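I opened a new page to note what I look up in this model. The entries follow in the order in which I made them.

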Amino acid sequence: MSRPVDALDSAFPVAASIALDLIRRPEVSEQWSRPSVLPHLSVGGLACHLGRQAVRVAELLPMPTDLPMLESADNHYERAVWVTEGTPDEATVVAGPDEADAARGPADLHARSAFALEEAGNLLARGAARDVVPIPWQGWSLRRGDFLLTRQLEIVVHSDDLAVSIGVPTPEFPAAVFDPVRDLLVRLAVRRHGQSALISALSRSERARPISAF
């Protein structure tokens, strides 16, 4: 199928490869059952959530959709239930897919993530990725570039969460991966807190206040 070339077509496999290197670190396996820095989520559950981003991409890129399309990745985060409802409670996290996947162990995650990364890269390289990608659990779709941006944001943010959880340096992402994520987070933070809050946080330590995008 024909499709326009998007910069994130080449950036996403790089992001997912860096995430896979982090997931494979021995510190992750050694601390698999310990709590992560995220509420109620184990290190193994967090690693599985990180690895799932490539799995989602491999599954959804070739899938047709008739779901309504949002205009941008910004709209996706403005409407996503997990953003609007806040931090899930312990019962929701424990019963969720991350801890269920973690119960299968690190080796299963490594194999599943590596296969998904290869499949996603192949889909993007040979033009088999659709221009509009469904997000079935949300009930809408996104243009491919916006969809890949949401997955890159998940990878960049949760790589930091996982690195902090196991006490290793956060991976450095190249500009092609990091810059679009940075810009999206800034836009979301401005929408949530306003321009003044962002300016103060970045330039005036004496009056800075939290400006989380979520």
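Predicted model: local features only at pLDDT ≥ 70, side-chain atom pairs only at ≥ 80, totals over all residues.

Residues are numbered from 1 along each chain as its sequence is written, and side-chain values use heavy atoms, with hydrogens and water left out.

**Entry on α9.** I took helices (H or I, at least four residues) and strands (E, at least two) as DSSP runs, numbered from the N terminus. The expected span of a helix is 1.5 Å times one less than its number of residues. For the 23 residues of α9 this gives 33 Å, and the end C-alpha atoms are 33 Å apart, which agrees. I then looked up burial, where buried means under 20% relative accessible area, exposed over 50%, and partly exposed in between (1.4 Å probe, protein chains only). In α9, 20 of the 23 residues are buried, so the helix is mostly covered.

**Entry on α10.** Helix α10 runs over residues 175-193. Its 19 residues should span 27 Å, and I read 26 Å between the end C-alpha atoms, which agrees. I listed Val177, Val181, Leu184, Leu188 and Ala189 as buried in α10. They lie on the same side of α10, because they cover an arc of only 135° around the axis; the arc is that of the directions from the helix axis to the C-beta atoms. The buried residues of α10 pack against α1 (7-23), α4 (73-79) and α9 (144-166). Just after α10, Gly194 has a positive phi of about 95°.

**Entry on the core.** A nonpolar core is a set of buried Ala, Val, Leu, Ile, Met, Phe, Trp, Tyr and Cys residues joined through side-chain atoms within 4.5 Å. The largest one has 57 residues, and Leu61, Phe147, Leu148, Ile155 and Leu162 have the most contacts inside it. Among the elements that each supply at least two residues of this core are α3, α8 (106-125), β1 (132-135) and β2 (140-143). I followed up Leu162, with contact meaning heavy atoms within 4.5 Å. Leaving out residues up to four places away in sequence, Leu162 touches Leu22, Ile23, Val28, Val43, Leu46, Ala47 and Leu50.

**Entry on two glutamines.** Is Gln31 buried or exposed? I read 14% relative accessibility for Gln31, so this residue counts as buried. Gln31 is in the loop between α2 (26-30) and α3 (43-60). Not counting residues up to four places away in sequence, Gln31 touches Val43, Ser165 and Ile166. Gln138 is in the loop between β1 and β2. It is buried too, with a relative accessible area of 15%.

**Entry on a charge and a ring.** A charge sits over a ring if NZ of Lys or CZ of Arg is within 6 Å of the ring centre and within 35 degrees of the ring normal. I found the charged end of Arg56 over the ring of Trp137, 4.2 Å from its centre.
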